Amino acid sequence: MPFKNFFVNVLLPMPLKQLFTYSITEAEAGFLKKGMRIAVPFGKKKIYTALVFDIHNEAPEAYEAKSIHQILDDKSIVTEAQLDFWVWISEYYMCSLGDVYRAALPSAFLLESETVVLNNPNFDEDTSLSDAEFLVYEALQQQSQLSVLEISNIIGKKNVFPLLKKMLDKKAVLLKEELYEQYKPKLVKYIRLNEAHKDEASLHQLIDSVQRAKQQHKALLTYFSLEAQTKKPIQAKKLQEESGVSSAVLKGLVDKNILEFYHIQVDRVHFEEKGGRLKSLNEHQEKAFEEIETSFNSNTVTLLQGVTSSGKTEVYAKLIEKQLAQKKQVLFLLPEIALTTQIIGRLKEYFGGKIAVFHSKYSMNERVEVYNNVLQNKEKAQIVLGARSSLFLPFSNLGLIIVDEEHETSYKQFDPSPRYHARDAAIYLAHMQGAKTLLGSATPSLESYFNATQNKYGLVNLTKRYGEIQLPEVELVDIKDKHRKKRMTGHFSDRLILEIQEALENKEQVILFQNRRGFSPVVECETCAVSPQCPNCDVSLTYHKYRKELRCHYCNYRQAMPLNCGACGSTKLSTIGFGTEQIELELHELFPNANIGRMDLDTTRGKYAYQKIIGAFEAQEIDILVGTQMLSKGLDFGKVSLVGVMNADNMLNFPDFRAHERTFQMMVQVAGRSGRSKKRGKVIIQTFNPYHQILQQVSTNDYSAMFKEQLEDRWHFHYPPYYRVMKITLRHRDLITLENAAEWFGTSLKNAFKDNVLGPTSPNVSRVRNLYIKHITVKIPPKQSLKATKKHIARIEKTFSAIGAFRAVRLGIDIDAY
């Protein structure tokens, strides 16, 4: 039998489109499976965590295959179904498989290689070394190896690589790359009786032997008492607390071979088993539930349009219960981490220990544990609640995906690549796994509702609020007129102040919405009208009064608030516009006795910040809550009787074809936070243009009128849902190079797609983090093949990257860029 060479094709966590081939032995070929991780050398010195894609006998033609470094797993951590899904994401969204790999796995799985410095035994000690080099050399005489961080601490400098380079040239040290595991399991210390003392005679003898050591005797009696009560393993910490002894006493018992310590690996996040009964559905919810079930018989995707506070979550819970009875997994997608806090609370009551939560506020170790629980199809991860990244978990038995608030823009990943839309990807994932998808929203996206009217999706309506409560009364306040009549106090109209006062007197809560954080978006000199600009981005700095600083919301550049103008030296600086911080300060002056809270990106950076704010508001410790769009998304507060929108015009006048649709959705969602228990709520929208058709439609909650009107505009101007939209973004530090590159790319696209190409144009913020930006928009008509279009653009991209002058230009392609 002829000798065969074995090779493995691997996927690397880098933005590279192709797979790479490495040579393996016959034994390794027999052991390795698709989806296992292996460490491979790449480039001169680096080692990467690669993923096995397939094993074969064909040597690469363009290069000689290197050997792999080591095998990291004994079984696959990525399933074949996951890899198929990754391939679809990379093909549909025109990104590299490496990008998907890096985005899909928790970073702890991508083992990092660290540079380790070793002593060179062949070093000629007569070679002269500088003081810093000698310090490193001396340290290596004491220790066999040092990490880069340890060397940094020894010489007191952050950048040690120039020093190491000199030492390498002098052959004083050697370098090697070492892989290290980032994930550390959580081990809890338990205590148990030594096997030698299990029989009764031995026990009596044992108790007598510690009679004089009172603390040990007390600890031992407490141990027997706990064992009799719980019949479960006993934590060392609990035994300490219950018996009131120190850890040294327990150690003494262990040293005498009476007790012994052992460790059990536990999850960092787990929910207690509650198993409460589901709430019984009212007639409208029951009808919607039955219609969804019927719709699933003929449609894989169903859209549930339920007005705010109609009790969609209870319908979801009933559907989840049915899937759990069939031992199926359920993925519950939410747009914001803020929402998970309340939804977890509700579903925990029903399903307790079957819930796992996955989002970016969780630590790396916590995410690894959820990933492993889903991979092993454990009961404690039968329901996964998560943000968009939870799509990439290793589901093997998926029965249902629920996409709550499906219209939300948070489901779209814009940067970095892969630029996927979680709602659309969820529909494909469900299709792959033979599962059903339920999209839920009070204000569905135009695309989803259009698909439902075209019978691509099933459609179910839930038109009544839970408990037959009326939808809130919406009042539009003309602040242009109020300014003229001098009836404004700061940014508050007399009507809004009156309604807030009334709500506070009735011990009710108020939500105020302003979709801009900080104190003021612009600081301007009254003498020369110059505003401080970000040095890295083409945008004015936002004033944050609390920290007395100016901050860029694009690159996070900060500087102290200046005392005078940088251009003319004048001390007359004024602020223009307002954010949540300014509203909060004005409220303290207007209502000094009220408790005021703020919920925006600045106040919710900590891991549990959402829970604290939402918990305080639910417990009625906060009377007035000011916030950005986080507040508009599905939160449920029973005591809120008034919602105020501080300025509706910002969103309406945004240069985007979806501005009007988004404004309608945002306003209706914010309005829906009001009057959710007994009393009818009130919504006050302050605007300079109360006769705008969108605001009129919000005031009557007329979704169908908005849908028809927007659909007409979309058809007329060639936008989704009729035309597909693809956006190509080019970035470079040099404006002239970028303009030449964008012009070349734009001309190539126009030659192929004629009038369906818009641009190149500069966006509103045309420079971010010192990179200039150009956009080109490609519209794809209904009858034009998306696949053929993408193929053609990929060819243009390949030619573009082969041109030397444009090689440094960063190119990003965004399919369905809305």
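Two strands are taken to pair if DSSP finds at least two bridges between them. Strands (E, at least two residues) and helices (H or I, at least four) are DSSP runs, numbered from the N terminus. The model is predicted, so local features need pLDDT of at least 70 and side-chain atom pairs count only at pLDDT 80 or more, while totals for chains, interfaces and linings use all residues. Residues are numbered from 1 along each chain as its sequence is written, and side-chain values use heavy atoms, with hydrogens and water left out.

Strand 9 pairs with strand 10 (residues 234-235) through 2 bridges, and the two run antiparallel. Here Y190 is opposite Q235 of strand 10. Strand 9 (residues 186-193) is also joined to strand 11 (residues 259-266), again antiparallel, by 8 bridges. L187 has Q265 of strand 11 as its bridge partner.

A cavity is a set of points, on a 1 Å grid over the protein atoms alone, where a 1.4 Å probe fits but cannot get out; its lining residues have an atom within 4 Å of a point. Points are joined across faces, edges and corners, and a volume is the space filled by probe spheres set on them. The whole structure has 1 cavity of 30 Å³ or more. The largest cavity holds about 40 Å³, and its lining consists of A81, Q82, F85, L391, F392, L393, F395, L429 and Q433. Helix 2 (80-92) and helix 15 (422-433) are the elements that each give two or more residues to this lining. Helix 2 gives the most, 3 residues.

By class, the lining of the largest cavity has 7 nonpolar residues, 2 polar and no charged. Nonpolar here covers Ala, Val, Leu, Ile, Met, Phe, Trp, Tyr, Cys and Pro; Asp, Glu, Lys and Arg count as charged, and the others, Gly among them, as polar.

Terms used. On a 1 Å grid over the protein atoms alone, a cavity is a set of points where a 1.4 Å probe fits but cannot get out, and a pocket is an open set with protein on both sides within 12 Å along at least five of seven lines; lining residues have an atom within 4 Å of a point.
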